[in-house]
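Student: Could you take me through the nonpolar core of this protein, and then through the charged pairs? I would like one connected account.

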Amino acid sequence: YRRFGSKDELLGSIMGSFSTKTADSWNAVLASSSTPLEKLDALMWSNINVVDKFSDEYNVLQTWLREAPPSTRGQTWTFDARLRDLMTLLDAGTTRGDLRPDTTPTRARAVSLFDLVWLHESLVRRHGIAGAIVFCRDTLLRGAATHG
């Protein structure tokens with residue numbers, strides 16, 4: 001109680017480093033010169049490894065991402081920001097011709113995509129990292145890509 005004024009402040013302190021590192025990884029992928037399809041693949045790979053290595057932090061982060069509005073101030077990693085990133089990536093991939101055109105609203109596609117990019121921990125545990133990546137590539141990339 002002397003160092004933190006609330007449970008949210010304590011949680012923010014614990015998760016701050018993890019959240020920043022995860023955001024830095026996500027931002028590095030998005031800033032790369034890779035194609036939108038390659039960026040989706042890299043985001044899946046990165047996030048599956050995060051889920052595998054940092055499951056406790058991942059579960060807390062998932063709660064934070066879905067909380068609206070976030071109760072912890074200074075949070076660098078928000079669900080709405082990640083959705084905007086995915087919407088931009090989807091639009092860029094469709095414009096380039098890498099991703100199939102879709103009449104579904106981009107936000108709805110991004111929400112669905114988010115759940116594949118951040119594959120649930122139970123699937124990562126069941127199939128292992130390599131199997132989880134194959135699953136994501138088969139369900140997301142193969143289904144969304146305009147070519148094999």
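Tutor: Happy to. A nonpolar core here is a set of buried Ala, Val, Leu, Ile, Met, Phe, Trp, Tyr and Cys residues joined through side-chain atoms within 4.5 Å. Please keep in mind that this is a predicted model.

Let's begin with the core itself. The largest one has 32 residues, and those touching the most other members are Leu-40, Leu-43, Ile-48, Leu-86, Leu-113 and Trp-118. At least two residues of this core come from each of helix 1 (7–31), helix 2 (36–53), helix 4 (79–96), helix 5 and helix 6 (121–144). Helix 2 gives the most, with 7 residues. For a close view, look at Leu-40: leaving aside residues up to four places away in sequence, Leu-40 touches Leu-86, Leu-89, Leu-99, Leu-113 and Leu-141.

Helix 5 covers residues 106–117, and its 12 residues reach 16 Å from the first C-alpha to the last, close to the 16 Å expected at 1.5 Å a residue. Its buried residues are Thr-106, Arg-109, Ala-110, Leu-113, Phe-114, Leu-116 and Val-117. They sit on the same side of helix 5 because they cover an arc of only 160 degrees around the axis.

Now for the charged pairs. Side chains of opposite charge can pair when their charged atoms come close. The structure holds 5 salt bridges. In one of them, Arg-137 pairs with Asp-41, with the closest N and O atoms 2.6 Å apart. Arg-137 belongs to helix 6 and Asp-41 to helix 2, so this pair ties together parts that are 96 residues apart in sequence. Arg-137 is partly exposed, with a relative accessible area of 37%.

Another salt bridge joins Arg-125 and Asp-52, whose closest N and O atoms are 2.8 Å apart. This pair also links distant parts of the chain, with Arg-125 in helix 6 and Asp-52 in helix 2, 73 residues apart. Arg-125 is partly exposed at 41% relative accessible area, and Asp-52 counts as partly exposed at 28%. Together with Glu-121, Asp-52 and Arg-125 are linked in a network of salt bridges.

Finally, turn to the loop between helix 4 and helix 5, where you will find Asp-98. Asp-98 forms a salt bridge with Arg-96, the closest N and O atoms being 2.7 Å apart. Asp-98 counts as buried because its relative accessibility is 10%, whereas Arg-96 is exposed at 52%.

Technical notes. Residues are numbered from 1 along each chain as its sequence is written. This is a predicted model: local features need pLDDT of at least 70, side-chain atom pairs count only at pLDDT 80 or more; totals for chains, interfaces and linings use all residues. Side-chain values use heavy atoms; hydrogens and water are left out. Helices (H or I, at least four residues) and strands (E, at least two) are DSSP runs, numbered from the N terminus. The expected span of a helix is 1.5 Å times one less than its number of residues. Buried means under 20% relative accessible area, exposed over 50%, partly exposed in between (1.4 Å probe, protein chains only). The arc is that of the directions from the helix axis to the C-beta atoms. Contact means heavy atoms within 4.5 Å. A salt bridge is a side-chain nitrogen of Lys or Arg within 4 Å of a carboxyl oxygen of Asp or Glu.
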